[in-house]
Amino acid sequence: MYSKVFSAGLSGLEAHVIQVEADVSNGLPVFQMVGVLASAVKEARERVRIALQNAGYRFPAKRITINLSPADLRKNGSGFDLPIAISLLAAFGMIPGEKLNKVLVVGELGLDGTVDGIRGTLSMAVMGKKEGFHTLVLPQENAAEAGLVDGMRVVGVETISEAIDYIRTGAVVHREAIVCPDERKQGDLYDGEPDFSEIYGQERVKQALETAVSGGHNVLMIGAPGTGKTMLARRIPGIMPRLSKEEALELTKIYSVAGMLRGDASVMSRRPFRAPHHTVTPAALAGGGREPFPGEVTLAHHGVLFLDELPEFRRNTLEILRQPMEEGKIQLSRLGKCYEYPAKMTVVGAMNPCKCGYFPDLNRCRCTLGQVQGYLSRLSEPLLDRIDICVETERQEGLFGGERGEDSAHIRQRIVRTRQIQKERYSGERIELNSELGGHLLEKYCFLNKKERRLLEELVKRTGVSPRGVQRLLRVARTLADMKEKERIGEGELLEASAYKVVSHKYWTSADVYDGERMRG
């Protein structure tokens, strides 16, 4: 007999329909599987056989052929176990195959017949609804995640027997309560987040970080060891606006495909904070593998990618950041296929100004001029050009006893208001934040009067900013004006925005600041 069950496979972040066909006929007993299968799928043959036997179903001695189509797509993962088992039972005549039309089936089988969780079920549910399927049978572990898709009936099962009972009778054993991000209380989203009020001083840096989050700008903190760069960076998610429902679903989709959405975390409700070690490989940062998994830049989508000790990262690894920092996405080519992953994140870098960490303090720095320049030259000019804000952290005289700073909740309120201004301004455009301004939109929304234009030209001469740097300076100035609820960019905003560029100019022209004759070493 012949039967067919519809399942789903992953290609990057997207899912596609896979037809699982089973043919059972008389002949020499054999169980073969075809259809360009990865090793994990080929091993399903033994898992399915033993799982059915342990669940109480007889496995007849027949000639069995399983085909997964389309044949030109490579099948990966363990999510085809359950549809293969269901297709076999239908071909054996043990369950009604006609009830499997417009039903997607996915899941991994344990040898005892249990159905274990898989990755990417949200993408599968989205695809299933688009392709006209009305039901998704999947592991109970993934039911809450897939249930976020409206209009798709999600049936969670814990054993293969429950899946068979549903196909025979239509009875659903489990019901999962779905909590969408819009239904969560505002305060709950920030419980446990480190707060800016815990950091004394560093008001200039806090202002720079507020500006960066308000406009979606990348930021670099430079300072001596122990001045609080990491502490400041870890508090950035606490001042970022809450995720919209669309952003939460997009993040959930990414983390589901990456296999990082398990247990109670059925939906991503908090903005991610990713802090890879400086030994991270290019593949881990960008995404990699035979079937590329999302890398750190994609896992930081709608959140923060924190790169501590920035010059310690390998240069070829850092250069990968150019495309996502500029375009908000990353493209990967693997085995003749091109994958595009979203990567709209805020890049936050932290670094010492030299190897010992105390440049340009002549009394403490032990580096030679060549060592300072060699350390700073690990960051390329094109990469620095893509960092809008550069700010210095200062060593504090006292750690305790000072006046506590403003808390994250008040800073977040101002940021939400500033982003709302941008959202209303760009409602007819394809952008949302000032950091995305470019081309004719930059001229349209960052228009300067003659006086401001002359000031900008003078600032460019003084700092030697590149044309790309000028565009980013204008974007920061536009954000500063929005923070003050000003319609046009003024001289004050231009001067403040250029000050963030002067910091990097100060260090990367170290010969002018740090006279070589005074170097020790």
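**Close-up views of a predicted model**

**View 1. Val24 and Ile64 face each other as bridge partners, the latter in strand β4.** We start at this residue pair in a predicted model. Strand β4 covers residues 63-69 and is joined to β2 by 7 bridges. The two strands, β2 and β4, run antiparallel.

**View 2. Strands β1 and β2 make a hairpin.** Here you can follow β1, residues 2-11, alongside β2, residues 14-25. Their pairing is antiparallel and extends over 10 bridges. For a handy landmark, look for Ser7, which sits opposite Ile18 of β2.

**View 3. Helices α3 and α6 pack with their axes 11 Å apart.** Helix α3 is made of residues 81-92, and helix α6 of residues 160-169. The angle between the two is about 50 degrees. As for handedness, α3 and α6 cross in the right-handed sense.

**View 4. Side by side, α3 and α6 meet through residues from both helices.** On the α3 side, look for Leu82, Ala85, Ile86 and Leu89. Their counterparts in α6 are Ile160, Ala163, Ile164 and Ile167. Sorted by class, this contact between α3 and α6 has 8 nonpolar residues, with no polar and no charged ones.

Key
Residues numbered from 1 in each chain as written. Predicted model: local features only at pLDDT ≥ 70, side-chain atom pairs only at ≥ 80, totals over all residues. Heavy atoms only, no water. Pairing = 2+ DSSP bridges. Helix = DSSP H or I, 4+ residues; strand = E, 2+ residues; numbered from the N terminus. Axes fitted to C-alpha atoms, helices over the stretch in contact; angles between N-to-C directions. Left-handed = near helix turned anticlockwise from the far one by under 90°. Contact = heavy atoms within 4.5 Å. Nonpolar A, V, L, I, M, F, W, Y, C, P; charged D, E, K, R; others polar.
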